[in-house]
Amino acid sequence: MNLTVENGCFSYDGRHTVLSDISFCASPGEIVAILGKNGSGKTTLLKCSVGLLKWSGGHSFLDGRQTQKSPQRS
């Protein structure tokens, strides 16, 4: 499974940026480590990457499919 993040940005309140311009690609067989101090955004990065939180900017893809689609209007 490929996980790709392109220009990911996230802010909880719209003013204080937690993640800014994150881009990476993790391919099958690769080992990826996310390191940082407590409260630096490691869990937030994972949640945004798989679509549990919505990026403020940027996109993420699992096997080429966007993890979070815009809601459709009826």
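## Contacts and overall dimensions

In the protein chain, 45% of the contacts between residues at least 6 apart in sequence join residues at least 24 apart. The model is a predicted one. Its C-alpha trace spans about 40 × 30 × 15 Å along the principal axes of the protein chain.

## Secondary structure and strand pairing

The protein chain contains 1 helix and 4 strands, and these elements follow the pattern β-β-α-β-β when read along the sequence.

Strand E3, residues 57–62, takes part in two pairings described here. With strand E1 (residues 3–11), E3 pairs in the antiparallel sense over 5 bridges; within this arrangement, Thr4 stands opposite Phe61 of E3. With strand E4 (residues 65–66), E3 again pairs in the antiparallel sense, over 2 bridges.

## The E3–E4 hairpin

Strands E3 and E4 form a hairpin with 2 residues between the strands. Leu62 has Arg65, in E4, as its bridge partner. In this hairpin, Asp63 adopts a positive phi near 50°.

## Burial, surface and charge

Of the 74 residues in the protein chain, 23% are buried. The accessible surface of the chain amounts to about 5,600 Å², and carbon and sulfur atoms account for 51% of that surface.

The protein chain carries 8 positive and 5 negative charges.

How values were computed:
Residues numbered from 1 in each chain as written. Predicted model: local features only at pLDDT ≥ 70, side-chain atom pairs only at ≥ 80, totals over all residues. Heavy atoms only, no water. Buried < 20%, exposed > 50% of the residue type's maximum accessible area, 1.4 Å probe, protein only. Contact = heavy atoms within 4.5 Å. Areas by Shrake-Rupley, 256 points an atom, 1.4 Å probe, with all protein chains shown as cover. Lys, Arg positive; Asp, Glu negative; His and termini not counted. Charge placed at Lys NZ, Arg CZ, Asp CG, Glu CD. Pairing = 2+ DSSP bridges.
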